[in-house]
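Have the structure open while you read.

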Amino acid sequence: MTVHKIAVIAGDGIGPEVIAEGVKVLNKVAELDGSFRFEFTHFPWGCEYYKETGRMMAEDGIETLSKFDAIFLGAVGAPGVPDHISLWDLLLVIRKKFDQYINLRPVKLLKGAPCPLKDVAVEDIDMTFIRENTEGEYAGSGSWLFKDKPNEVVIQDGVFSRTGCERVIRYAYELAKKEGKSLTSISKANALNYSMVFWDQIFAEVGRDYPEVKTYSYLVDAASMFMIKDPKRFEIVVTSNLFGDILTDLGAAIAGGMGLAAGANLNPERKFPSMFEPIHGSAPDIAGQGKANPLATVWSASQLLDFFGHEDWGKRLIDCIEEVLTDEKVLTPDLGGTATTQEVGDEIIKKLS
Ligand code: NAD
Ligand code: IPM
Ligand code: MN
């Protein structure tokens, strides 16, 4: 029997509520399959832990996590702890230390999911965002000079290395080639005259190895407009860290909402564990009320199954989500229902069985 060792960081706010359903669903899948099982180890890291210890994770947290096959993360962030501390010392440090340079985020409208756009067919919104996940605008490089003085200056660097750009762009080309889809690069070279000129140059350079892949290149402002006006233009999309962050929340808004948006942080070489998470935050406005939609977490569980080679089960989970959506019987309030987080998780289990 294969054992997949998963580190669970449920985190803050609605994190523990949605992760409980994700774990339940993964255990059910393993039980039904019979050839593999999950061994979950829970870590109490997050903002409560910070308030008690002054740290977001244990001092040897990265070392501890490195022994796992994958990480399943809920959400991080709580009122009372500055976001730049809570996120940098937990989520972002994991993405960087484990070189999870691919952030794979499906923006796919499932049957039954609400879409605020008019005249859009379900199949018109079917994109895969590949977001650079370790550098760019999130390099964490900069300085704060003359703090609190009238001549205060703040500098936040964007760091775009050749290796960093090439590897994410190549990954996107490979995916487009494998799936027979077009590839769109989203950048902003008209204003960002170093970083994005370089990005565009590398997109063209790497593209020479993939003559069969149809490519498009948009400025990020125009791309945001086209995602609303004509979403079917986009199939595989590759973009920088910050643009990918923003555009995938926009993507979530047109594909059913934050409660349905999943993401995988991948280290493709598998030298380090990859991390699977819903892309939403800790949603303090609804935390502790059983209102959180667990379907984004279930979708990220599906990505985890894909990553471990159980694509049939990954696909089955997406089908179950779609069945729950089209039934319209057991849905959380964000999707117009009255069901609790747990009831939606139970419904997925029922569909699986
Ligand atoms: P958010 O994603 O937590 O919430 C935005 C809105 O979406 C809220 O109205 C919330 O109720 C709703 N929402 C989110 N997830 C939902 C779900 N599963 N079901 C139903 N509704 C859902 O974003 P925010 O309010 O900007 O951030 C809150 C905190 O989370 C901040 O501390 C932020 O830094 C952090 N954050 C963490 C992550 C992460 O851990 N991956 C991601 C984004 C934000
Ligand atoms: C996401 C989140 C994070 C990001 C934050 C919480 C640092 O918004 O995963 O989309 O910007 O990457
Ligand atoms: Mn985000």
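**Helix packing and ligand contacts**

1. Let's start with helix 10 and helix 11. On the helix 10 side, the residues in contact are Trp313, Arg316, Leu317, Cys320, Ile321, Glu323, Val324 and Asp327, and they meet Glu347, Ile348, Lys351 and Leu352 in helix 11. Sorted by class, this contact has seven nonpolar and five charged residues, with no polar ones. Keep in mind throughout that this is a predicted model.

2. Now the geometry of that pair. Helix 10 covers residues 311-327 and helix 11 covers residues 341-352; they pack at an angle of about 120°, with axes 9 Å apart. The crossing of helix 10 past helix 11 is right-handed.

3. Next, helix 1 (residues 15-33) against helix 9 (residues 295-307). Their axes come within 9 Å and cross at roughly 40°, which makes helix 1 oblique to helix 9. Helix 1 passes helix 9 in a right-handed crossing. If you want to click through the contact, helix 1 supplies Val18, Ile19, Gly22, Val25, Leu26 and Val29, while helix 9 supplies Thr297, Val298, Ala301, Leu304 and Leu305. What classes do the residues of the contact of helix 1 with helix 9 fall into? Nine are nonpolar, two are polar and none is charged.

4. Helix 7 (residues 220-229) and helix 8 (residues 241-254) are another pair to look at. The packing angle here is about 10° and the axes are 10 Å apart, so helix 7 runs roughly parallel to helix 8. This crossing is right-handed. Val220, Ser224, Met227 and Ile228 from helix 7 touch Phe243, Leu247, Leu250, Gly251 and Ile254 from helix 8. By class, the helix 7 contact with helix 8 has seven nonpolar residues, two polar and no charged.

5. On to ligand 1. Which of the 21 residues around ligand 1 come nearest? Those are Val76, Asp83, Gly281, Ala283 and Asp285. Asp83 uses its side chain: an N or O atom there is 2.7 Å from an oxygen atom of ligand 1. Gly281 uses its backbone instead, with an N or O atom 2.7 Å from a ligand 1 oxygen atom. Ala283 also has a backbone N or O atom by an oxygen atom of ligand 1, at 2.8 Å.

6. Finally, ligand 2. The residues around ligand 2 are Leu87, Leu91, Arg95, Arg105, Arg131, Tyr138 and Asp245. For Arg105, a side-chain N or O atom sits 2.8 Å from an oxygen atom of the ligand. Arg131 also has a polar side-chain atom 2.8 Å from an oxygen atom of ligand 2. For Tyr138, the distance from a polar side-chain atom to an oxygen atom of ligand 2 is 2.5 Å.

How values were computed
Residues are numbered from 1 along each chain as its sequence is written. Chains are lettered from A and ligands numbered from 1 in the order in which they are written. This is a predicted model: local features need pLDDT of at least 70, side-chain atom pairs count only at pLDDT 80 or more; totals for chains, interfaces and linings use all residues. Side-chain values use heavy atoms; hydrogens and water are left out. Axes are lines fitted to C-alpha atoms, for helices over the stretch in contact, and angles run from 0 to 180 degrees between N-to-C directions. Helices (H or I, at least four residues) and strands (E, at least two) are DSSP runs, numbered from the N terminus. Angles under 35 degrees count as roughly parallel, over 145 as roughly antiparallel, 65 to 115 as roughly perpendicular and the rest as oblique. A crossing is left-handed if the near helix is turned anticlockwise from the far one by less than a right angle, and right-handed if clockwise. Contact means heavy atoms within 4.5 Å. Ala, Val, Leu, Ile, Met, Phe, Trp, Tyr, Cys and Pro count as nonpolar, Asp, Glu, Lys and Arg as charged, and the others, Gly among them, as polar. A residue is near a molecule or strand if one of its heavy atoms lies within 4 Å of it. A polar contact is a pair of N or O atoms within 3.5 Å; within protein, one must be able to donate a hydrogen and the other to accept it, and residues adjacent in sequence count only if both atoms are side-chain atoms.
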